[in-house]
Amino acid sequence: MSSTRAAPPRRPPAPQRGSAGDRRMTWRDRLYRFDMRYMPYLMIAPFFLLFVVFGLFPLLFNAVVSLRNYRLDDPTLPYWAGVENFSRLVADEDFWNALANTFGIFLLSTVPQLLLALLVASLLNRRLRAQTWWRVGVLLPYVTPIVASTMVFSVFFSRDFGMANWALGLLGIGGADDPIDWRADKLHAWIAIATMVNWKWIGYNALLYLAAMQSIPRDVYEAAAIDGAGQWKQLWRITVPMIQPVVLFTVILSTIGGLQLFTEPMLFDPNAQAATGGPDGEWQTIAQLIYKVGWKDLNLGYAAAMSWALFLIILIVAGVNYLLTNRLSGGRR
C-alpha cells in the first residue's frame with residue numbers, strides 16, 4: 001500500500017476584482033441589502049404620506065384657526081383671538097347642552113351595543129344550522145347605507161303613524177290615544193337615536209368578537225363544563241378575558257364613533273338643514289353644533305375651538321374606558 005496521500009482537490013481560481021462574476025454578486029448583495037433595510041420603509045411610506053397630508057396637516061391647521069377670529073361674514077376682525085374662543089366655551093350653554101346630549105346618546109348606545117354584540121357572537125359561535133347565513137345576516141345592517149337606514153328609522157319613530165308606537169301599544173305602553181312623541185323631549189329622542197346606532201353596529205362588533213372567539217381552544221370550554229360552569233359563567237369567566245384585546249379595540253372604536261355622532265341626529269330632525277337637533281336642541285350633538293357654528297353661523301374660529309375640545313374629550317373618555325375595560329376584563333381571569 002502506498003503511503004502517499006491523495007492530493008487535495010484543486011480550488012477554482014478566485015475571480016479577479018472587477019470581473020463580471022464579481023460585479024454580478026455585488027449587484028445581488030446590494031439588492032438584497034436594499035430589500036432588507038429599506039423596502040419595509042418604502043412599503044409603509046404611502047400611509048404616512050397620506051396621513052401627513054390629510055390627517056396631521058388639517059389637525060395642525062385647525063389648531064391655528066382655533067386661535068383666530070375666523071369669521072366668513074366679517075373679515076375685518078383682528079387676526080388673532082388667542083384663547084378667547086376656548087374661554088367662550090366655558091360659558092356657552094349650547095356647548096354644554098350638546099355635550100350632555102352627546103354623552104346621553106353615547107351611554108344609551110355604546111353599553112347595550114357591546115353587551116348585545118357579545119351575546120350575539122356567543123350564539124353564533126355555537127353549532128347552528130345555516131351558520132354562514134346567520135353570520136352574514138347580522139352584518140347586513142352594517143352594509144346598509146347610513147342615510148337610508150336613518151330615514152327609515154325617522155319614519156319608524158314618527159308620533160302618529162310610526163311602527164314604534166304601534167309595537168309599544170301592543171304591550172300596553174302609549175297607544176293610539178296617547179302616542180309617544182319621540183322628538184318632544186331628550187330621553188325619548190336619545191332612545192330613538194341610540195336604537196339607530198345599535199341596529200347598525202351590533203352585527204359588526206359581533207363578528208369581531210366571533211373572530212376572536214374562534215381562536216379559543218375548545219378544550220378550555222370542555223374543562224369548564226366538567227367543573228360545572230354554565231354557558232353564562234363560561235362567557236364572562238373564559239371568553240371575555242381571552243378576547244380582551246378585541247374588547248378593548250371595540251370599546252375605543254365605539255367611544256370615538258359615539259362621541260362624533262352626526263348623521264343619525266342630523267337626519268332625525270325634520271328640519272335637518274338648521275342642524276339644531278330639535279326645536280330646543282333636545283338631541284343636538286357636539287358634531288352638529290360644530291357644523292352649525294362653522295357653516296351656518298360662519299364662525300370657523302369658534303367651530304375649530306369646539307373641534308379641539310371634542311378631540312380632547314374623546315382622548316380622555318377613550319383612555320378612561322380603556323383602563324376600566326382592561327381592569328374589569330383582567331379581573332375575571
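## The whole chain

Of the 333 residues in the protein, 35% are buried (under 20% relative accessible area; exposed is over 50%, partly exposed in between, with a 1.4 Å probe and protein chains only). This is a predicted model, in which local features need pLDDT of at least 70 and side-chain atom pairs count only at pLDDT 80 or more, while totals for chains, interfaces and linings use all residues. Residues are numbered from 1 along each chain as its sequence is written, and side-chain values use heavy atoms, with hydrogens and water left out.

Switch to cartoon and you'll see 15 helices and zero strands. These are DSSP runs numbered from the N terminus (H or I, at least four residues, for helices; E, at least two, for strands).

## An aromatic cluster

Select Phe-153, Phe-156, Phe-157, Trp-182 and Trp-199, which ring pairs link into a cluster. Rings of Phe, Tyr and Trp (its six-membered ring) pair if their centres lie within 6.5 Å; planes under 30 degrees apart count as stacked, over 60 as edge-to-face and the rest as tilted. By this rule the protein has 19 aromatic pairs.

Zoom in on Phe-156 and Phe-157: their ring centres are 5.1 Å apart and their planes sit at 85°, so the pair is edge-to-face. Phe-156 is partly exposed at 29% relative accessible area, while Phe-157 is buried at 4%.

Which partner does Phe-157 have at 4.9 Å, with the planes at 70°? That's Trp-182, and this pair is edge-to-face too. Phe-157 lies in the loop between α7 (146–156) and α8 (163–170), and Trp-182 in the loop between α8 and α9 (186–213), so the pair ties together parts 25 residues apart in sequence. Both Phe-157 and Trp-182 are buried.

## Helix α11

Jump to residues 231–242. Helix α11 has 12 residues and reaches 15 Å from its first C-alpha to its last, close to the 16 Å expected at 1.5 Å a residue (1.5 Å times one less than the number of residues). Which residues of α11 are buried? Colour Gln-234, Leu-235, Trp-236, Ile-238, Thr-239, Val-240 and Pro-241 to see them.

## Salt bridges

How many salt bridges does a search of the whole structure find? Three, each a side-chain nitrogen of Lys or Arg within 4 Å of a carboxyl oxygen of Asp or Glu.

- Arg-71 and Asp-73 meet at 3.0 Å, N to O; Arg-71 is partly exposed at 27%, and so is Asp-73 at 44%.
- Arg-159 and Asp-160 have their closest N and O atoms 3.1 Å apart; Arg-159 is partly exposed at 37%.
- Lys-292 and Asp-297 come to 3.3 Å between the closest N and O atoms; Lys-292 is partly exposed at 22% and Asp-297 at 33%.
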